[in-house]
Amino acid sequence: MRRRIVLPAVIALGSNLGDREENLRAAVRDIDALADVTVTAASAIVQSHAVKTTGTDAEAPAYLNAVMLVQSALDPEDLLPELNRIEADHGRVRVERWGDRTLDLDIIDFAGLLRETVDLTLPHPLAAKRAFVIVPWLQVDPDAEIRGHGRIDSLTVAFSDEVWLFEAAPLWTRP
């Protein structure tokens, strides 16, 4: 019998088009339905202004964001295309870098691995600078660290007013 190696991963979710809350809920269900991936936790939903290549855009539709923790028997290079397929299934169209989108799914961390390929960089290179990643991640893993940046609880001080809670039922509950 062959053993499967299962490793923890952190996935960030975002949506600023369509039914944003339902987009996030559907993404959590779809990720949990993947073979070899199990959801272990999901944060509350937070809201944030859109971040574009030119900076914060308060005129663009606001984002709903969350972070989920998973256990994955897929390696990061196999998980990423599954996440991209889920995005596409929910109407994600890649036209403009950091443009408005129905769904954005990013692997933030995968078992602390370092990776730099054409398609994937781990840990996510902007995670330590994104309140909409750090604040919800802190909710589900207060002891988390970003390799090269330290503990995420030390990063939240700079983010105190960049995200705000979105009143909603939990995205996921342990079955």
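How many salt bridges does a search of the whole structure find? The search finds 9 salt bridges. A salt bridge here is a side-chain nitrogen of Lys or Arg within 4 Å of a carboxyl oxygen of Asp or Glu. This is a predicted model, in which local features need pLDDT of at least 70, side-chain atom pairs count only at pLDDT 80 or more, and totals for chains, interfaces and linings use all residues. Residues are numbered from 1 along each chain as its sequence is written, and side-chain values use heavy atoms, with hydrogens and water left out.

**View 1. Glu77 and Arg115 form a salt bridge.** Their closest N and O atoms are 2.6 Å apart. Glu77 lies in helix α2 (residues 76–89) and Arg115 in strand β8 (residues 115–116), so the pair ties together parts that are 38 residues apart in sequence. Helices (H or I, at least four residues) and strands (E, at least two) are DSSP runs, numbered from the N terminus. Glu77 is partly exposed, at 31% relative accessibility. Arg115 is partly exposed too, at 28%. Buried means under 20% relative accessible area, exposed over 50%, and partly exposed in between (1.4 Å probe, protein chains only).

**View 2. Arg101 pairs with Asp104 in a salt bridge.** The closest N and O atoms are 3.1 Å apart. Arg101 is buried, at 9% relative accessibility. Asp104 is also buried, with a relative accessible area of 14%.

**View 3. Arg151 forms a salt bridge with Asp143.** Here the closest N and O atoms are 3.3 Å apart. Arg151 is partly exposed, at 32% relative accessible area. Asp143 is exposed, at 53%.

**View 4. Salt bridges link Glu82, Arg85 and Asp89 in a network.**

**View 5. The largest nonpolar core has 29 residues.** A nonpolar core is a set of buried Ala, Val, Leu, Ile, Met, Phe, Trp, Tyr and Cys residues joined through side-chain atoms within 4.5 Å. Leu13, Ile31, Met68, Val70, Leu79, Leu105 and Ile107 have the most contacts inside this core. At least two core residues come from each of β1 (7–15), α1 (20–32), β2 (37–42), β6 (63–72), α2 and β7 (104–110). In soluble globular proteins, nonpolar side chains tend to be buried together.

**View 6. Ile31 touches residues from other parts of the sequence.** Contact means heavy atoms within 4.5 Å. Leaving aside neighbours within four places in sequence, Ile31 is in contact with Ile11, Val37, Met68, Val70, Leu83, Ile86 and Leu105.

**View 7. Another core, of 16 residues, lies apart from the largest one.** Among its residues are Val67, Ala128, Ile134 and Trp137.
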